[in-house]
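Here is a short briefing on one protein chain. Look over the sequence and the model first, then take the points by topic.

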Amino acid sequence: MRMSAPLKKALTSQIGMEAYASNYYLAMASWCELAGYEGSASMLYRQADEERAHMNKIVRYLNMIGAGATIPAVKQPPAAFKDLESVFKAALKSEQAVTASFNSMAAVAQKDGDHAAFAFLQWFVTEQVEEEALMETILQKFDLLGHDKIGIYEADRFVGRLPPPGGPAAAAAPG
Ligand code: FEO
């Protein structure tokens, strides 16, 4: 079945949103690396790769169903952050915006009776639950460990020790 024009438009803009999210994480990773927050930098570089994989997933879905993907322009992300905690506050906010976008696309797919797109979008809806929970967990650590230098240092170490998304098995799997 053909995808509706509004859903195709939303998925096309989601390609741009994922590309922006990837670059945004890259900017955060780079800022952390330069500031000496190695744990957070490595986690955020990984996160940037994840968002790029999300972008590719949408491009390939649109191509697979014959809708033909187009790649939108991406604006420049912020380059500087107030402190380490504000990096993760920005990350949570960005993930919440992405979640809202997937929820509204899932609603469109449902209204269209586009079961294939709905199933495709469910993967992202679940992924967003995990990503938001991850950022919430990290932000909670800042509160628990305190905001002095030792607390921030420990929070960065905690972030650096987080397992890759989906666990080590998923990290080793292709695709
Ligand atoms: Fe691909 Fe976390 O949005």
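The protein has six helices and zero strands. Helices (H or I, at least four residues) and strands (E, at least two) are DSSP runs, numbered from the N terminus. Along the sequence the pattern reads α-α-α-α-α-α. The radius of gyration is 17 Å, close to the 16 Å that the globule rule gives for 175 residues, so the protein is as compact as a globular protein of that length. That radius is taken over C-alpha atoms, and the rule is 2.2 Å times the number of residues to the power 0.38.

This is a predicted model: local features need pLDDT of at least 70, side-chain atom pairs count only at pLDDT 80 or more, and totals for chains, interfaces and linings use all residues. Residues are numbered from 1 along each chain as its sequence is written, and side-chain values use heavy atoms, with hydrogens and water left out.

**Overall build**

- The C-alpha atoms fill a box of roughly 55 × 30 × 30 Å, taken along the principal axes.
- Of the 175 residues, 43% count as buried. Buried means under 20% relative accessible area, exposed over 50%, and partly exposed in between (1.4 Å probe, protein chains only).
- Take the contacts with a separation of 6 or more: 78% of them join residues 24 or more positions apart. A contact means heavy atoms within 4.5 Å.

**Surface and charge**

- The accessible surface comes to about 9,500 Å². Carbon and sulfur atoms hold 58% of that surface. The areas come from the Shrake-Rupley method with a 1.4 Å probe; for residues, only the protein chains shown count as cover.
- There are 16 positive and 20 negative side chains, and the centres of the two sets lie 6 Å apart. Lys and Arg count as positive, Asp and Glu as negative; His and the chain ends are not counted. Each charge is placed at NZ of Lys, CZ of Arg, CG of Asp or CD of Glu.

**Aromatic pairs**

- The structure holds nine aromatic pairs. Rings of Phe, Tyr and Trp (its six-membered ring) pair if their centres lie within 6.5 Å; planes under 30 degrees apart count as stacked, over 60 as edge-to-face and the rest as tilted.
- The ring centres of Phe102 and Phe124 are 4.5 Å apart and their planes meet at 10°, so this pair is stacked.
- Phe102 lies in helix H3 (residues 84–112) and Phe124 in helix H4 (residues 115–145), so the pair ties together parts that are 22 residues apart in sequence.
- Both Phe102 and Phe124 are buried.
- Trp123 and Phe124 form an edge-to-face pair, 4.9 Å centre to centre with 85° between the planes. Trp123 is partly exposed at 37% relative accessibility, whereas Phe124 is buried at 1%.
- Ring pairs also link Tyr20, Tyr24, Trp31, Tyr37 and Phe81 into a cluster.

- Ser40 is in helix H2 (residues 38–64). Ser40 is buried, with 0% relative accessibility. Leaving out residues up to four places away in sequence, Ser40 touches Cys32, Leu84, Phe88, Asp156 and Val159. Ser40 and Glu85 are 45 residues apart along the chain, and their C-alpha atoms are separated by 10 Å.
- Asp148 is in the loop between H4 and helix H5 (149–160). Asp148 is partly exposed at 46% relative accessible area. From Asp148 to Lys93 is 55 residues in sequence and 24 Å in space, C-alpha to C-alpha.
- Leu34 lies in helix H1 (residues 5–35). Leu34 is exposed, with a relative accessible area of 75%. Leu34 and Arg157 are 123 residues apart along the chain, with 16 Å between their C-alpha atoms.
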